[in-house]
Amino acid sequence: MSTPAAASRTPRDQAFRGALLHFVGDPDELGQRAYEYFDDGLLVLHDGKVAAAGAAHALLPGLPEGAEVVDYSGKLIMPGFVDTHVHYAQTDIIAAYGEQLLEWLERYTFPIERRFADPEYAREVADFFLTELLRNGTTTALVFATVHPQSADAFFAAAQARGLRMIAGKVLMDRNCPEYLCDTADSAYADSKALIEKWHGTDRLLYAVTPRFAPTSTERQLELAGRLLDEHPGVYLQSHVAENKSEVAWVAELYPWSRSYIDVYDHFGLLRPRAVYAHCIHLDSTDRERMGETGAAMSFCPTSNLFLGSGLFDADAARRHRVRVGIGTDVGGGTSLSMLRTLDEAYKVAQLGGQRLSPLRAFYLATLGSARALYLDDRIGNFVAGKEGDFIVLDLAATPLMARRIASTADLIERLFVLMMLGDDRAIFATHIMGKREYARSPR
């Protein structure tokens with residue numbers, strides 16, 4: 001049996017031994033039947049895809065001859081985290097002080113995004129961003145680039161080089177923004193179409209049509225966004241909705257014919273499967289019902305909602321209307337690329353709203369739940385046979401405080417709660433992509 005440090009290549013047959021946890025359903029619906037946990041488990045991969053996952057004693061005797069066995073005993077193996085909303089171009093403005101949404105865009109976001117006209121800068125940020133994602137255990141993300149086509153090219157090229165399952169798109173923005181970031185409805189359509197044809201379905205990459213939000217797109221641009229989706233089945237749509245009360249009021253002024261903010265997107269055919277909307281805070285029951293009916297998904301972004309003072313996401317209301325929900329870090333309004341830190345804040349948002357987020361549902365949302373929000377649960381999100389072998393190895397004793405607190409826990413659920421409240425990037429021991437170790441924590 002090899003040690004993790006000994007791995008230098010990716011054999012066809014691999015097995016990883018350690019505590020093993022993955023979800024097969026929503027704990028709020030299935031309870032204890034929603035997950036499988038093996039204290040001494042084995043994850044078996046063939047050609048980078050899951051062949052089996054279960055108890056080590058049952059699977060070890062049947063391993064193919066020559067299979068590499070990596071020992072992660074004492075650690076917890078889980079599917080990689082899935083981030084349903086993040087801006088790679090805002091990496092350099094994380095922790096920018098003192099504004100709410102609309103002022104924050106003007107003061108920080110637009111000036112930094114201007115720099116992505118430079119392909120070299122875009123490449124450097126994309127590489128750093130993806131390194132940080134892997135260091136934080138995130139293996140798939142739905143990512144905003146900027147208005148510049150080269151910003152999307154840079155991101156996709158960096159993700160392709162690492163073999164990642166990523167979704168991204170060039171921002172569409174033809175009004176109410178600085179001239180240096182303004183495209184046109186027709187140029188945005190043409191640029192997006194060329195990017196779709198170049199990148200969508202290439203290796204593990206997927207494309208998202210990306211209007212920033214309704215206030216920065218004309219009706220013509222939103223109409224053409226819908227056309228792109230119709231012309232290219234399987235392409236995604238990502239945008240923002242109802243994040244901030246001033247934003248909602250602005251949309252009502254710009255689109256006086258609409259019943260609501262979400263109705264603007266619906267009018268142009270942008271509520272559908274594989275459409276993901278960040279925030280979704282200031283919605284009513286009709287809005288949520290419509291999202292549930294159409295198969296559109298919500299991205300719950302707790303750290304940015306708190307940081308920008310936007311409001312509290314209503315997870316219970318989303319569940320009542322059967323809307324798909326994933327978790328988003330939303331950097332740079334979000335304050336961490338760590339899904340563990342994000343789950344910590346999600347728990348607190350629920351508490352402030354008089355709701356509960358159990359540890360089981362939190363980790364479901366960060367893995368299979370977010371994969372379902374992205375309609376990728378046939379490929380990622382758990383260890384069902386045939387899924388892509390993206391997984392992380394977690395160290396529940398990553399810090400002295402975690403080690404001390406974990407020592408007094410009584411069961412798995414309590415350990416998961418400690419992990420999501422006290423864990424951060426230091427708890428990510430390793431990140432594997434299709435079986436290949438792409439990140440390993442430096443020895444302490």
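**Pockets, a cavity and helix packing**

Mentor: The second largest pocket holds about 240 Å³ of space. Among its 16 lining residues, A19, Y37, D39, G74 and K75 are the closest to its centre. Two or more residues of this lining come from each of β1 (13-23), β2 (35-46), β4 (68-79) and α16 (412-422). The model is a predicted one, in which local features need pLDDT of at least 70 and side-chain atom pairs count only at pLDDT 80 or more, while totals for chains, interfaces and linings use all residues. Residues are numbered from 1 along each chain as its sequence is written, and side-chain values use heavy atoms, with hydrogens and water left out.

Trainee: What makes a space a pocket, and what makes it a cavity?

Mentor: On a 1 Å grid over the protein atoms alone, a cavity is a set of points where a 1.4 Å probe fits but cannot get out, whereas a pocket is an open set with protein on both sides within 12 Å along at least five of seven lines; a lining residue has an atom within 4 Å of a point. A volume is the space filled by probe spheres set on the points, which are joined across faces, edges and corners.

Trainee: How many cavities of 30 Å³ or more are counted by this rule?

Mentor: The count is one cavity.

Trainee: Which element gives the most to the lining of the second largest pocket?

Mentor: That element is β4, with four residues. Such elements are DSSP runs numbered from the N terminus: helices (H or I, at least four residues) and strands (E, at least two).

Trainee: What is the volume of the largest pocket, and which residues lie nearest its centre?

Mentor: The volume of the largest pocket is about 480 Å³. Its lining has 28 residues, with D26, V323, R324, V325 and R361 nearest the centre. The elements giving two or more residues to that lining are α10 (285-294), α12 (315-320), β13 (324-327), α13 (339-352) and α14 (359-373). With six residues, α14 gives the most.

Trainee: Why is α5 called roughly parallel to α6?

Mentor: Helix α5 (residues 149-161) and helix α6 (residues 185-199) pack at about 15°, with axes 11 Å apart. Angles under 35 degrees count as roughly parallel, over 145 as roughly antiparallel, 65 to 115 as roughly perpendicular and the rest as oblique; therefore α5 is roughly parallel to α6. The axes are lines fitted to C-alpha atoms over the stretch in contact, and angles run from 0 to 180 degrees between N-to-C directions.

Trainee: Is the crossing of α5 and α6 left-handed or right-handed?

Mentor: The crossing of α5 and α6 is right-handed, a term for a near helix turned clockwise from the far one by less than a right angle, anticlockwise being left-handed. In contact (heavy atoms within 4.5 Å) are residues including F156 of α5 and W199 of α6.

Trainee: Why is α6 placed in its class relative to α7?

Mentor: The axes of α6 and helix α7 (residues 219-231) come within 9 Å and cross at roughly 20°. The conclusion is therefore that α6 is roughly parallel to α7. This crossing of α6 and α7 is right-handed. Among the residues that meet are Y189 and I196 in α6 and L224 and L228 in α7.
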